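The sequence and structure come first.

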Amino acid sequence: ITFTEKGGVYTFRTSGSAKYVVYAEDKAGNELNEEILVNKIQTDGPAPPSEEEINDKITIGGDPDNEDGKPADPDGWYTDNDIVINLENPVPAPGDIKKEYHYKIWKEGDAPDSAREETVGNGNQPSIKEDGIWHVEIWLEDEAGNISPSVTKTIMVDSTAPNADSREDHLVLRNGGTSGAGISLDDATSGIDPGTIRIQEPGMAAVAAQIREKDGTYTCSFQVSTGGIYQLSCKDKAGNTLRFEITVTALNASINCTGGIQADSDRDKLLDAVDLSGYNSGETVDLLLNLSPLQAAQLDARQNQAFQSLAGSEADIYYFDASMTRSVQNHDGQTEEAISKLDNPIRIKLAIPQQIRGNYEYRLYREHDGQFGELPVNLEDDRESLTFETDGFSTYALSYTEVKEQARPVVKKTDAPPTGDGANIALFIICTGLMLILILRISYLKIKKFS
């Protein structure tokens with residue numbers, strides 16, 4: 001019987017049942033002498049598995065009852081990357097020969113010929129453990145070497161949520177300002193589903209956003225105007241959901257004047273005067289500077305006596321109170337506390353009440369933590385307001401003392417004393433004239449003598 005060789009493998013063909021004795025010797029001299037009994041010749045190849053059969057055998061983690069991560073459409077995206085195709089080699093019917101499943105697996109972009117051929121059996125099954133688009137080629141082969149046509153099943157796996165990249169995930173708003181926020185979204189496997197992109201403000205209302213796409217990456221730009229936690233959500237085409245949060249802390253400062261008082265201060269410097277570094281979780285922080293007038297009767301005897309002693313007996317006093325409160329609102333609710341001391345002093349411009357404007361000398365005193373003292377003030381040119389700096393809040397006393405007009409001395413006007421400037425000029429003229437006469441006389445005598 002003649003053997004044919006291909007790739008170092010020697011085969012022979014037979015057409016009937018018989019006992020064959022195979023003898024061979026390798027180049028090292030080792031001998032083979034083996035009997036092969038052929039009972040039946042199988043000339044028809046096995047039937048290939050159908051794609052429906054393969055779909056039915058795809059499981060998550062090898063559990064046929066586990067439906068988590070399986071798409072409703074078998075050609076859709078799987079969201080679990082532990083995929084096993086539970087293939088079982090057919091049990092041969094009486095008189096039939098053994099058949100085995102063979103398969104190859106390769107990833108999208110790789111060459112199919114680079115995949116290694118595997119055989120089902122002894123716990124070996126086609127399995128996928130990574131995200132990506134995979135191709136599984138499956139066929140049957142019997143003991144006679146007959147091979148069925150192959151079936152290639154494409155399995156798409158994406159178990160990872162989209163990725164969000166923000167320029168910054170914490171923004172700070174100052175004094176009612178707004179800020180732009182930008183987030184880039186991408187999904188390396190199945191891609192972003194743009195119809196699922198949602199942005200919600202802290203009250204869960206939708207936020208309008210500009211969405212632009214370039215090479216599969218979506219950029220979302222929107223404006224934030226209130227403190228709190230803004231939420232962005234989207235899905236990829238496999239259904240994996242991304243939830244991304246941007247915290248916005250709003251810092252506000254305002255001035256509240258009552259009882260006819262009018263005052264102003266730099267609101268940004270008010271914020272800088274208080275340590276607010278600990279607020280970065282989406283709070284809204286409101287600083288409120290309160291100024292209100294006080295009556296002397298509202299002060300105790302010790303305060304009245306101390307302020308009057310500082311101002312002097314001739315001074316009248318206008319009392320007012322200055323205080324600052326900090327209100328913090330976040331997802332836990334709202335808290336409020338008084339601030340009695342600042343990290344940095346602030347400047348306050350106080351309008352002098354109409355009833356105490358005039359030709360007065362103004363001085364400002366303050367009681368803070370039981371200590372009394374004078375604060376420097378700067379009276380504006382229009383004498384209608386004054387500015388001062390303070391770092392503590394409690395009771396203030398603005399004293400005003402009338403400035404009395406003083407008589408101005410009268411100076412008698414006298415004639416200016418004579419000076420020698422005129423006499424000197426006359427003497428110069430006389431001397432010059434005499435010299436001129438002398439020169440003319442000498443010239444005359446010389447001419448006469450020559451004649």
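## Salt bridges between strands and loops

Asp 391 and Lys 341 form a salt bridge, with 3.0 Å between the closest N and O atoms. The structure is a predicted model. Asp 391 belongs to strand E29 (residues 385–392) and Lys 341 to strand E25 (residues 341–351), so the pair ties together parts that are 50 residues apart in sequence. Asp 391 counts as partly exposed, at 21% relative accessibility. Lys 341 is also partly exposed, with a relative accessible area of 47%.

The structure holds 16 salt bridges. One of them links Lys 129 to Asp 82, where the closest N and O atoms are 2.3 Å apart. Lys 129 sits in the loop between strand E10 (127–128) and strand E11 (132–142), and Asp 82 in the loop between strand E6 (77–78) and strand E7 (83–85); the pair therefore ties together parts that are 47 residues apart in sequence. Asp 82 is partly exposed, because its relative accessibility is 27%. A further salt bridge joins Glu 118 and Arg 116, with the closest N and O atoms 2.7 Å apart. Arg 116 is exposed, its relative accessible area being 65%.

## Helix H3

Which residues of helix H3 (residues 301–311) are buried? They are Gln 303, Ala 306, Phe 307 and Ala 311. These residues lie on the same side of H3, because they cover an arc of only 125° around the axis. The other side of H3 carries the exposed residues Ala 301, Gln 305 and Ser 309. The cover over the buried residues of H3 includes strand E23 (316–330), strand E26 (360–368), strand E27 (371–375) and strand E30 (395–402).

At the N-terminal end, H3 is capped by Asp 300, which has a side-chain oxygen 3.2 Å from the backbone nitrogen of Arg 302. After H3 comes Gly 312, with a positive phi near 95°.

Asn 175 is not a glycine, yet its phi is positive, about 50°. The residue is in the loop between strand E14 (170–174) and E15. Asn 175 counts as buried, because its relative accessibility is 15% and the limit for buried is under 20%.

Asp 215, likewise not a glycine, has a positive phi of about 55°. Its place is the loop between strand E17 (210–214) and strand E18 (217–224). Is Asp 215 buried or exposed? At 73% relative accessibility, Asp 215 counts as exposed.

## Gly 191 and its surroundings

Gly 191 is found in the loop between strand E15 (179–186) and strand E16 (192–200). With 15% relative accessibility, Gly 191 counts as buried. Leaving aside neighbours within four places in sequence, Gly 191 is in contact with Asp 236 and Lys 237. From C-alpha to C-alpha, Gly 191 and Gly 216 are 6.7 Å apart in space, while 25 residues apart in sequence.

## A nonpolar surface patch

Ile 430, Leu 434 and Ile 437 make a nonpolar surface patch of about 320 Å². Of these residues, Ile 437 lies in helix H4 (residues 421–450). Ile 437 is exposed, with a relative accessible area of 55%.

Key. Residues numbered from 1 in each chain as written. Predicted model: local features only at pLDDT ≥ 70, side-chain atom pairs only at ≥ 80, totals over all residues. Heavy atoms only, no water. Patch = residues over 30% accessible without salt bridge, like charges linked within 9 Å, V, L, I, M, F, W, Y side chains within 5 Å. Areas by Shrake-Rupley, 256 points an atom, 1.4 Å probe, with all protein chains shown as cover. Salt bridge = Lys/Arg side-chain N within 4 Å of Asp/Glu carboxyl O. Helix = DSSP H or I, 4+ residues; strand = E, 2+ residues; numbered from the N terminus. Buried < 20%, exposed > 50% of the residue type's maximum accessible area, 1.4 Å probe, protein only. Contact = heavy atoms within 4.5 Å. Arc of directions from axis to C-beta. Polar contact = N/O pair within 3.5 Å; in protein donor to acceptor, adjacent residues only side chain to side chain.
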